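Please examine the structure shown below.

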Amino acid sequence: LQFLKRKNLFHLLRHEMLFQDKKFAAKKNNAEQEAFYLSCFHYLIDFPYKYYDKKLTNTFGQKYLEYKNNCSESDKLYIKFHTLFSDINRMAARKNPRKSSGINLPELLKYEKELENSKHYLAAYYLYRSICSYYTFYDKHPEKIIEYLQKAIRLKDKIAFFFPVDIHVFLQLLYADALFNNSQVKDAETIYNAVFNSGVNENMYGYYYHCEQYILVSIIQKKYEQAQTLLDKVFQPCIDNKLDIYATRGAMSYVKLYLSNGELKKASNYLNTAKAINEKTFYLPFDVQLRVLENIYFFLKKDYDFSFQLATRNMKFLKAQEQDDIFKNYMLLWRMIIGMINSMNKGNKLSAELVKDYEYLNKRYTNLYCDLLEQLYLQAVKEIR
């Protein structure tokens, strides 16, 4: 099972779990069955969106509880909130994530109240992580993510026994991610440098995401060679093997690197690669990112007419998603691009309102687009002069 997981062979992994459950599990003692079903639950709950089987995940979670020695309320709550955490993250991939999630913030805060002062440490940990995810995907508040992540970090000594990875390292990486998303780039870089210089095992939870974030920090700090080295080591194999969401993450990071350092032809190649991969395993947040990167590419290439058309088309696309509140900043971004192009065409100075929008978006999206919005702004100002 570990081998299949490392190779990302999810169809085979699912088949092998079912086979072992049928042929071998019944012959084992309770302790071995408990370990087996917990491992299977962990594998299944981490399946990428495309392969996820919620019914089977719940089945193995319940089997774990059935064979758990002295199964307690804490064990049941752990399964409940780990599943909730997974659902909140996974529903972000849907076209209407808030409606698909079936959970709202008041409900999550009610759960928090119920777990207050309890000793259900694992349940509380996954609830805090669920709230972090909610504030990440459905109601963006970076400062709230940091607040609830700090609550989770305070539990690390109580829950370390449960995790096969170094939970201290993992939470340090999560904290660096949260600081980066809150535009605290230098603070995040300090943590990333310390952790990655000490070595991050490929089995670390969220390994590819943390690597992606460190790459983006490196690009922002203009450490292009460092970003390139990590990309080639971690993500090029994912792209070569077409590993779905990991390959898309890697290809987009290459695009950001090459747009940032001015290698537009290389950026175009990886942009086309990322679009082709995401068309097969559609993930809406990535689709929106790719639309922005395509828009930026043609703007930096000085094909302003096509960049204008893309911005107009992308605004129509977002309106059709019926999620204006979630994507309102992207609507503002594309309006900004249209405004810049109109100003350049007329030879007018950028309006104070447009500059204000740029300053807001540049700060808001540094963690996603590095210095690319700044490049747009400086190019627009130069063209007008």
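## The largest nonpolar core

In this predicted model, the largest nonpolar core contains 148 residues, of which Leu108, Tyr125, Tyr330 and Trp334 touch the most other members. Setting aside residues up to four places away in sequence, Leu108 touches Leu84, Ile88, Ile103, Leu127, Ser130, Ile131 and Tyr134. In soluble globular proteins, nonpolar side chains tend to be buried together.

## Helix H19

Helix H19 comprises 19 residues, 328–346. The distance from its first C-alpha to its last is 27 Å, close to the 27 Å expected at 1.5 Å a residue. Most of H19 is covered, with 14 of its 19 residues buried. After H19 comes Gly347, which has a positive phi near 70 degrees.

## The pair H16 and H17

Helix H16 (residues 264–280) and helix H17 (residues 284–300) have axes that come within 11 Å and cross at roughly 155 degrees. H16 is therefore roughly antiparallel to H17. Their crossing is left-handed. On the H16 side, the contact is made by Leu264, Ser268, Leu271, Ala274, Lys275 and Asn278. H17 contributes Phe286, Asp287, Leu290, Leu293, Glu294, Tyr297 and Leu300.

## Two loop residues with positive phi

Asn70 is a residue other than glycine, yet its phi is positive, near 55 degrees. Asn70 is located in the loop between helix H4 (54–67) and helix H5 (73–91). Because its relative accessibility is 65%, Asn70 counts as exposed.

Cys370, also not a glycine, has a positive phi of about 55 degrees. The loop between helix H21 (366–369) and helix H22 (372–384) holds Cys370. With a relative accessibility of 4%, Cys370 counts as buried.

Terms used
Residues are numbered from 1 along each chain as its sequence is written. This is a predicted model: local features need pLDDT of at least 70, side-chain atom pairs count only at pLDDT 80 or more; totals for chains, interfaces and linings use all residues. Side-chain values use heavy atoms; hydrogens and water are left out. Helices (H or I, at least four residues) and strands (E, at least two) are DSSP runs, numbered from the N terminus. The expected span of a helix is 1.5 Å times one less than its number of residues. Buried means under 20% relative accessible area, exposed over 50%, partly exposed in between (1.4 Å probe, protein chains only). A nonpolar core is a set of buried Ala, Val, Leu, Ile, Met, Phe, Trp, Tyr and Cys residues joined through side-chain atoms within 4.5 Å. Contact means heavy atoms within 4.5 Å. Axes are lines fitted to C-alpha atoms, for helices over the stretch in contact, and angles run from 0 to 180 degrees between N-to-C directions. Angles under 35 degrees count as roughly parallel, over 145 as roughly antiparallel, 65 to 115 as roughly perpendicular and the rest as oblique. A crossing is left-handed if the near helix is turned anticlockwise from the far one by less than a right angle, and right-handed if clockwise.
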